[in-house]
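Me: I'm new to this one. Could you walk me through how to read it, feature by feature?

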Amino acid sequence: MTMRLSMHNWMRPEPLEVTVPRLARCGYDAIEISADPRGTDLAETAQLLEEHRIACAGGLALFMGGRDLVHEDPFIRQASLTYLIETIDLVAALGGTFVTVPCTVGKLVPMADAQLEWDWYVAALREAQKHADDHGIRLAIEPLTRYETYLINRADQALRLAEEVGETCGICLDIFHMNIEEADWRAAIRSCAGRLVNFHVAENNRLPPGSGAIDWTALLSELTAAGYDDHLSVEFMPALDRTPLSQRQIADAADGSLSQGMIKWLRDHASGVLPEDLYEAYTAQSADVLRHHLTQVSTGA
Ligand code: LER
Ligand code: MN
């Protein structure tokens with residue numbers, strides 16, 4: 001088995017009918033789907049994926065728009081858990097094997113005592129993982145940088161959380177976040193080896209692979225040495241550039257007709273809406289560069 005390529009769709013407000021054919025055109029194996037369990041037509045989505053031979057690798061639970069498993073209000077915690085459980089059902093029905101769980105993006109200030117928050121988080125994720133176990137799904141706790149969350153920023157924290165949640169709870173590492181928060185990205189990958197179920201890729205500047213400073217051969221070799229052979233999930237997000245130097249023509253999130261939640265989500269990632277031709281070019285470049293380095297690693301070149 002070799003690593004397969006997947007890509008997210010949570011940074012681009014467009015229908016899956018546009019996303020999925022693009023992934024197929026650009027040579028991807030799978031999508032890591034943005035989880036909208038009540039807004040997704042299961043039969044239509046399954047048919048679309050099948051038609052374009054794109055698998056559902058897994059899904060990402062979007063902790064935005066007020067969803068928060070460690071909110072001080074128990075009703076918000078409960079509703080957020082319901083969202084996660086419905087996400088697990090959606091991903092299972094589409095044939096995926098994991099649900100990535102980042103903290104609430106853009107929530108930078110805690111609302112409760114540290115131990116209390118930790119206990120709420122462990123309890124919620126235990127319940128979700130118990131439900132996931134019945135469907136062959138593993139949660140994948142994803143550390144994010146301090147600029148997106150104050151709670152889970154590093155692999156050692158994710159590992160401790162996963163251990164407390166239970167044997168089947170997994171981890172998703174993201175090399176962009178790791179570049180900011182980890183002292184040693186190699187050691188972080190190794191430490192999560194048995195629990196690593198998903199891996200997000202973008203350059204150190206969150207541009208597509210090939211437009212930054214990451215040594216992809218070194219990274220893919222380390223993942224291989226750690227026994228990782230699941231998906232590399234592409235997650236580029238170029239920053240807005242409102243200076244005269246700007247070449248990318250990225251539209252401010254508020255320039256379109258997006259929901260307030262989506263506008264905040266894009267802004268919390270310091271990004272906006274990319275023009276279609278640039279998005280397609282970056283999607284293609286990511287796949288080409290990753291496949292090139294995967295070949296180098298597998299042939300020892
Ligand atoms: C999600 O995978 C991620 O990396 C964050 O920036 C939150 O979307
Ligand atoms: Mn990520």
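Me: Which element gives the largest share of the lining of the largest pocket?

Reply: That's α2, with three residues. Before we go on: this is a predicted model, where local features need pLDDT of at least 70, side-chain atom pairs count only at pLDDT 80 or more, and totals for chains, interfaces and linings use all residues. Residues are numbered from 1 along each chain as its sequence is written, chains are lettered from A and ligands numbered from 1 in the order in which they are written, and side-chain values use heavy atoms, leaving out hydrogens and water.

Me: What counts as a pocket, and what is a helix here?

Reply: The general idea: rolling a probe the size of a water molecule over the atoms shows where empty space is left. On a 1 Å grid over the protein atoms alone, a pocket is an open set of points with protein on both sides within 12 Å along at least five of seven lines, while a cavity is a set where a 1.4 Å probe fits but cannot get out; lining residues have an atom within 4 Å of a point. Helices (H or I, at least four residues) and strands (E, at least two) are DSSP runs, numbered from the N terminus.

In this model, the largest pocket holds about 460 Å³ of space (grid points are joined across faces, edges and corners, and the volume is what probe spheres set on them fill). Its lining has 22 residues, with N9, E14, S34, D36 and T40 nearest the centre. Both α1 (16–25) and α2 (42–51) supply at least two lining residues each.

Me: How many residues of each class line the largest pocket?

Reply: Nine are nonpolar, six polar and seven charged. Ala, Val, Leu, Ile, Met, Phe, Trp, Tyr, Cys and Pro count as nonpolar, Asp, Glu, Lys and Arg as charged, and the others, Gly among them, as polar. The second largest pocket has about 190 Å³ and 14 lining residues, of which G65, G66, T104, V105 and K264 lie nearest its centre. Its lining splits into four nonpolar, six polar and four charged residues.

Me: And how many cavities of 30 Å³ or more are there?

Reply: The search finds three. The largest cavity has a volume of about 90 Å³, and 13 residues line it, with D68, V70, C103, T104 and Y121 closest to the centre. By class, that lining has nine nonpolar, two polar and two charged residues. D68 sits in the loop between β3 (55–60) and α3 (74–93).

Me: Is D68 buried or exposed?

Reply: Buried, because its relative accessibility is 4%. The cut-offs are under 20% relative accessible area for buried, over 50% for exposed and partly exposed in between, using a 1.4 Å probe on protein chains only.

Me: How many aromatic pairs are there, and how do I read one?

Reply: A pair of aromatic rings is described by the distance of the centres and the angle of the planes. Rings of Phe, Tyr and Trp (its six-membered ring) pair if their centres lie within 6.5 Å; planes under 30 degrees apart are stacked, over 60 edge-to-face and the rest tilted. This structure holds four pairs. F199 and Y228 form a tilted one, 6.4 Å centre to centre with 55 degrees between the planes. F199 is in strand β7 (residues 196–201) and Y228 in the loop between α8 (216–225) and β8 (231–234), so the pair ties together parts 29 residues apart in sequence. F199 is buried at 0%, and Y228 is buried at 5%. Elsewhere, ring pairs link F236, Y279 and Y282 into a cluster.

Me: Which residue lies over the face of Y279?

Reply: R12, at 4.3 Å from the ring centre. A charge sits over a ring if NZ of Lys or CZ of Arg is within 6 Å of the centre and within 35 degrees of the ring normal. R77 likewise lies over the face of W120, at 3.7 Å from that ring's centre.

Me: Where in the structure is R206, and what is its phi?

Reply: Most residues other than glycine have a negative phi. R206 has a positive one, near 65 degrees, and lies in the loop between β7 and α8. Q249 is also positive, at about 55 degrees, in the loop between β8 and α9 (260–268). R206 is buried, with a relative accessible area of 4%, whereas Q249 is exposed at 61%.
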